[in-house]
Amino acid sequence: MRGGGDFMTDQQIILTLATKVMGWKRYGETDFWYGDNGNLFDHSFWNPLQNIADAWMIVEKIKDTDIGDDFDFTMDHFCLTQITPEQISRTVYSLTQR
């Protein structure tokens, strides 16, 4: 159990990744988001904690940033066959909190 009130739910992590990393914005008070291309999509279909394609979208978005450099350094300590979408997403999320 994490202490000090720093515990984030999966939904809060996904929200942070969607807004801080992907740059998406919520469409009013709906469950829809829109991105750079202006296309609307239902947020429930995007889950980088469980879907490797969604996690990879995050990696692609940060690859040429300072977060991307820190991500590469951090992930170098893991065996490639053990990397999961959740590990990728939580690592990027923690880097956004610095």
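Author: In this predicted model, I52, A55, I58, V59 and I62 of α2 meet P85, I88, S89 and V92 of α4, where contact means heavy atoms within 4.5 Å. Helices here are DSSP runs of H or I with at least four residues, strands are runs of E with at least two, and both are numbered from the N terminus. Residues are numbered from 1 along each chain as its sequence is written, and side-chain values use heavy atoms, with hydrogens and water left out. Local features need pLDDT of at least 70 and side-chain atom pairs count only at pLDDT 80 or more, while totals for chains, interfaces and linings use all residues.

Reader: At what angle do α2 and α4 pack, and how far apart are their axes?

Author: Helix α2 (residues 52-62) packs on α4 at about 35°, and the axes are 9 Å apart. Axes are lines fitted to C-alpha atoms, for helices over the stretch in contact, and angles run from 0 to 180 degrees between N-to-C directions. The crossing of α2 and α4 is left-handed, a term for a near helix turned anticlockwise from the far one by less than a right angle, clockwise being right-handed.

Reader: Why is α1 called roughly perpendicular to α4?

Author: The axes of α1 (residues 10-21) and α4 (residues 85-96) come within 10 Å and cross at roughly 65°. Therefore α1 counts as roughly perpendicular to α4, the class that runs from 65 to 115 degrees (under 35 is roughly parallel, over 145 roughly antiparallel, the rest oblique). Helix α1 passes α4 in a left-handed crossing. The contact brings together D10, I13, T16, L17, K20 and V21 of α1 with S89, R90, V92, Y93 and T96 of α4. By class, the residues of this contact are five nonpolar, three polar and three charged.

Reader: How do you know whether T16 is buried or exposed?

Author: T16, in helix α1, has a relative accessible area of 12% and is therefore buried. Buried means under 20%, exposed over 50%, and partly exposed in between (1.4 Å probe, protein chains only). Leaving out residues up to four places away in sequence, T16 touches V21, Y93, T96 and Q97.

Reader: What makes L95 and M75 count as buried?

Author: L95 lies in α4 and is classed as buried because its relative accessibility is 6%. Beyond its neighbours within four places in sequence, L95 contacts I67, D70 and F71. M75 belongs to helix α3 (residues 66-75), and its relative accessibility of 8% is why M75 also counts as buried. With residues up to four places away in sequence not counted, M75 touches I83, Q87, I88 and T91.

Reader: Which strands are called edge strands, and how is the sheet ordered?

Author: The three strands form an open antiparallel sheet in the order β1-β2-β3. Strands β1 (25-26) and β3 (40-42) are the edges, each pairing on one side only. Two strands pair if DSSP finds at least two bridges between them; β2 (residues 32-34) and β3 are joined by three.

Note on methods: Nonpolar A, V, L, I, M, F, W, Y, C, P; charged D, E, K, R; others polar.
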